[in-house]
Amino acid sequence: MASPEAQAGASRPLPPRAPGSPVFLTVEMQAGGEPLRVVPPGGLGPLEPPRDLPLLARRRLLLELPELDAARRLLMHEPRGHRDMYGAALVPSELPGAAFGALFVHNEGGSAMCGHAVLCLARFALDYGLCPPPPGPDQAAAVVIHCPCGPVTAFATWDGQRSGSRVRFHSVAAFAAATDLTVDVPGYGKVVVDVGYGGTFYAFVSADRLGLDLSSSRIRDLVDAASAVTEAVKAQFKVHHPEIEDTAFIYGTILTDGKDSFSDEPTSNICVFADAQVDRSPTGSGVTARIALQYHKGLIQLNQTRTFRSSTTGSLFTGKAIKETKCGDHNAVIVEVSGESFYTGMSTFTFEEEDPLKYGFFLK
């Protein structure tokens, strides 16, 4: 792949910038309405974590060192992004067979897993030559993406010229971390929640337990309630992952319509994660965790497909438990999630050294 400078300069001159400063070329995508700003391999330039470190170590450095976290802030925050922007920086992976490693970033920091991003990145890997195409037209290529939670295999079709929009992936081992957990939520009283893992940990609660409705309540009220639940669960319940302690944090809360028993009708939810960031999609890792919880409770069986609707955009993902497995002492399942992803454009970003807001700002 040509350098960002070469690709940008081939079509238009770059604006004035700090001498020797990096040029950030990104590919813009979306799945279920949730944006993904893709930074191709090598695209972070001097702000990329050292390549000789394992992926988890690079993720820690990216989030802990201010000079490296500057790349996240520059690309996610205003004026180049917004408070609900999401991105993925592609880096080399130490895992044999992986097309690349993915560092997921958002308004607050980074995630261990992102399902909507995987739906996008499988297409990106095929279209940008980061993995071999399938042997025949309209066959699916298996794309292994090294996520912080572990390797995730996605499947995207290829017609000989470009990838198809419909993508599916197989999750890491997903499990129920806690069910019917009572937490004291300031302003809402005692609330019963579930905690599930789908590559990252979420709290789940039916919106009506908080006096809200996904269809009629204001987004602001849903966000405030979900954020309050997240903080309460963080304070009152310690999550643990038996294999990857870097994933042991509550990423957010997913408010549902309470329709957890199997049905052919879609079930709706809204995911509020990081610093009150709202997912526009049905949330791929959330679908994974919710399927794991439903399977754990005996509400669904293997290979029963459920449809999940985003209450913000109406977009749809599907999910089903395809295999039982173990994760430490947890009974777990592998979940297949399916959805559509699309390209929306390309962006070229620069900065001037004297700009006091060159690394962006976060407006709450």
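This is a predicted model: local features need pLDDT of at least 70, side-chain atom pairs count only at pLDDT 80 or more; totals for chains, interfaces and linings use all residues.
## Largest pocket

The largest pocket has a volume of about 240 Å³. Its lining consists of 16 residues. Those nearest the pocket centre are D194, F204, S206, D260 and K297. By class, the lining holds 6 nonpolar, 4 polar and 6 charged residues.

Three secondary-structure elements each supply at least two residues of this lining: strand 10 (189–197), strand 11 (201–206) and helix 6 (284–296).

## Second largest pocket

For the second largest pocket, the volume is about 200 Å³. The lining is made up of 14 residues, and D213, L214, S215, D257 and S268 lie nearest the centre. The lining residues of this pocket divide into 4 nonpolar, 5 polar and 5 charged.

## Aromatic pairs

The structure holds 10 aromatic pairs. One of them joins F124 and Y128, with ring centres 4.2 Å apart and planes at 15°. Planes under 30 degrees apart count as stacked, so this pair, at 15°, is stacked. F124 has a relative accessible area of 0% and is therefore buried, the cut-off for buried being under 20%. Y128 is partly exposed, at 28% relative accessibility.

Another pair is formed by F351 and Y359, whose ring centres are 5.7 Å apart. The planes of F351 and Y359 stand at 55°, so the pair is tilted; the edge-to-face class would need an angle over 60 degrees. F351 is buried, with a relative accessible area of 6%. Y359, at 26% relative accessibility, counts as partly exposed.

## Aromatic cluster and charge over a ring

Six residues form one aromatic cluster: Y86, Y202, F204, F249, Y251 and F273. F204 belongs to this cluster and is also among the residues nearest the centre of the largest pocket. The numbering places Y202 and F204 of the cluster within the span of strand 11 (201–206), one of the elements that supply the lining of the largest pocket.

A contact of another kind involves R168 and F155. R168 lies over the face of F155, at 4.3 Å from the ring centre. For such a contact, CZ of Arg has to be within 6 Å of the ring centre and within 35 degrees of the ring normal.

Note on methods
Residues are numbered from 1 along each chain as its sequence is written. Side-chain values use heavy atoms; hydrogens and water are left out. On a 1 Å grid over the protein atoms alone, a cavity is a set of points where a 1.4 Å probe fits but cannot get out, and a pocket is an open set with protein on both sides within 12 Å along at least five of seven lines; lining residues have an atom within 4 Å of a point. Grid points are joined across faces, edges and corners, and a volume is the space filled by probe spheres set on the points. Helices (H or I, at least four residues) and strands (E, at least two) are DSSP runs, numbered from the N terminus. Ala, Val, Leu, Ile, Met, Phe, Trp, Tyr, Cys and Pro count as nonpolar, Asp, Glu, Lys and Arg as charged, and the others, Gly among them, as polar. Rings of Phe, Tyr and Trp (its six-membered ring) pair if their centres lie within 6.5 Å; planes under 30 degrees apart count as stacked, over 60 as edge-to-face and the rest as tilted. Buried means under 20% relative accessible area, exposed over 50%, partly exposed in between (1.4 Å probe, protein chains only).
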